[in-house]
Amino acid sequence: MSLPMEQGILLAAILFCIGLIGLLTRRNVLFMLMSAEVMLNAAGLVFVVDGSVWGQADGQVMFIFILTMAAAEVCVGLALIIQLFKKFKSVDTDRASAMRG
Amino acid sequence: MRELLWLIVALPFAGSVVLAVAGRKLPRLVCACVGVGSIAVAAVITILIGVDFLNNNSTGISYDQMLWQWMDVYGLSVDVAFNLDAVSLTFIFVITFVGALIHLYSAEFMWKEEGFARFFAFMNLFVGFMLILVLADNFLLLYLGWEGVGLCSFLLIGFWYKDPANGSAARKAFVVTRVGDTALVIGLFILFMTYHTLNIRYILASAPGTWAVGSGIAMATAFLLLAGALGKSAQLPLQTWLPDAMAAPSPVSALIHAATMVTAGVYLIARTHVLFDLAPVAQSTVAIIGATTLLVAGLSALNQHDIKRVLAYSTISQIGYMFLALGVGAWSAAIFHFMIHAFFKALLFLGAGSVIWVMHDEHNMFRMGGLWKKLPVTFWTFLIGAASLTALPLVTAGFYSKDKILWLSYVSDRGSTGLWLAGLAGAFITALYTFRMVFVTFFGNAKADPTQRPGLLMTLPLVVLGILSFAGGFIELPGNMAHLTLFSDFIEKTLPITTIREFGNNTELLFEFIAAGMAIAGVMVAYRLYFNKSFPSAEPERNALQKFLYKGWDFDLLYDKVIVTPIVFLSRVDKNDFINRFYNGLASLTQVMHVALSTTQNGKLRWYAMVLAIGAIITLTILLYP
């Protein structure tokens, strides 16, 4: 059984847009991080779908890479969020805007 | 021994660097030891090298020391190399030896001043640059020393920088000499264009084969070099900076006027004498400028009341004598007078400094008087210096050097009666103003009491210089006396011998009598007018002519009207000139763009993410729908 390519990619695009909109609209940095995770997984889904359509393992290998990278990124991201919270007593990113030109 | 030549230059620079870097933290005694010691050791090495040079060098071959290559770009190859010959040896001897005595004197003179270490750092730097100037084997290194000397004169004239008048005197010295420096550097460009090198000896050796006598380019070069020399040596028409340079502490005046700086012009002309031989008009201009300057400055000296300004105008006048000698081709006489002048003028400045020091910064000699009993050492040494400056016959060194110039200004093949008469009149004026200064300062009734006595460090240099001003002349005696020509034999290993016209047998003796008579007559007139007279201590009333002479023939006023005022006027009219507008516009455009770009950096994370997303969308759109 093979997944139709168009549907897989459409799903990935919808997921990506949800993530992007979440990233742009949310002010809570925790949710922004989650939105970024959604976007990453959307990209991973494209790899998996394409690998399945063309019958190649590369897509899944790539997805493993993305998972690993996402795990590392979340570590750093969460550490930064803790520091942000310590400093500003809030997780609102707009508060941390001291680096304006 | 000669291999140590580099050390003579390196020592003053090392002393200067040490004092500049660590001077604030070192105690005064250490500063004085470093400052005086560096020059004193350099002087000792100079004397050792000089003895070695005199003993093992009967043919007059110069000694070269190549240190390193400075630069090599597109055919301009310049070395840092020194060249020691008779002329540069005489100069470095005077610079280090007289310089060391002046440094020793300053150690006591400046002891209580603020910025003691700074003073010695500048003084050492000054001596170092002057040594580079006279030892340089190429014109670029010479020019480095030339500009360095100008810089140090600026720093030292404005040493007491808290008084704005001193600062403006320093700027004046710097700007006026800069006029000459610019001419000099253009002259050096011409030399490089023609010979493709700046090596002095190579240029001097090949110049006669390249340029015809009296050709335009040789003339232009000689005049440009002359303009440079006029600026540094304070000759007409660039002499106005020197009297104002009296704002400096007295030892600085001694150093500028005796050992360094103002004699640089004399050195330059003597060094490039071949070029002046090729340009007879330029050379006779040198003589005429010298003769005019010595009269102009002498008359100004007669009307001063500040003891240091008398000496300042006297320096201009005496350097006028040297230029006169250079102009008539009496090269060795000019160098001889330079050396003797260094001795007695340093002595006079240091003596005047002592007087000013004990009288608490009183410069007006009409407020002194009667000092000869109270300051015996200063008085007797000052008297020897004054006698030497006056050229009293037989006993003083100044007589032998000045008489030689006067004699040669008449009998040399380039000399003339007019030049000789100018020199003779100058000798009379010199005697008059010198002994006016002596009588007013040291005789008559005392108007103020000195409160302190100069110590050993200040009197010792006076005594040594006094002995030299008295005995230094005996190494060169006129042809009809003992015919001793040690000095001119030595110098003529490097510089050509003066060509002399035909003259009768007894003429030289007659000329000596006339010159000696002039000097004595000047002293007599000064005696009649100024000895033991009581003068009001206020500034004397001056009539229009005296005022004119007092202000140095109003050259300052002339330059102010002719140059400064029009330039200030033009710059005021053209305050917003169009070229400036273009660049101002460029600047404001940059500022607007800066503001625009910096607003995008608002520090909001979501904003950045959105811009990123929009950028990605635009890029993808362009890629997908080309």
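Author: For charges, Lys and Arg count as positive and Asp and Glu as negative, with His and the chain ends not counted; the place of a charge is NZ of Lys, CZ of Arg, CG of Asp or CD of Glu. On that basis chain B has 38 positive and 34 negative charges, whose mean positions lie 11 Å apart. The model is predicted: local features need pLDDT of at least 70 and side-chain atom pairs pLDDT 80 or more, while totals for chains, interfaces and linings use all residues. Residues are numbered from 1 along each chain as its sequence is written, chains are lettered from A and ligands numbered from 1 in written order, and side-chain values use heavy atoms, without hydrogens and water.

Chain B contains 25 helices and two strands, taken as DSSP runs (H or I, at least four residues; E, at least two) numbered from the N terminus. Its radius of gyration is 28 Å, close to the 25 Å that the globule rule gives for 626 residues, so chain B is as compact as a globular protein of that length. The radius is taken over C-alpha atoms, and the rule is 2.2 Å times the number of residues to the power 0.38. Along the principal axes, the C-alpha atoms of chain B fill a box of roughly 110 × 60 × 50 Å.

Of the 626 residues in chain B, 56% are buried (under 20% relative accessible area; exposed is over 50%, partly exposed in between; 1.4 Å probe, protein chains only).

As for cysteines, zero disulfides (cysteine sulfur pairs within 2.5 Å) are found over all chains. B:Cys33 is exposed at 52% relative accessibility, and its sulfur is 9.3 Å from the closest cysteine sulfur, in B:Cys31, too far for a bond.
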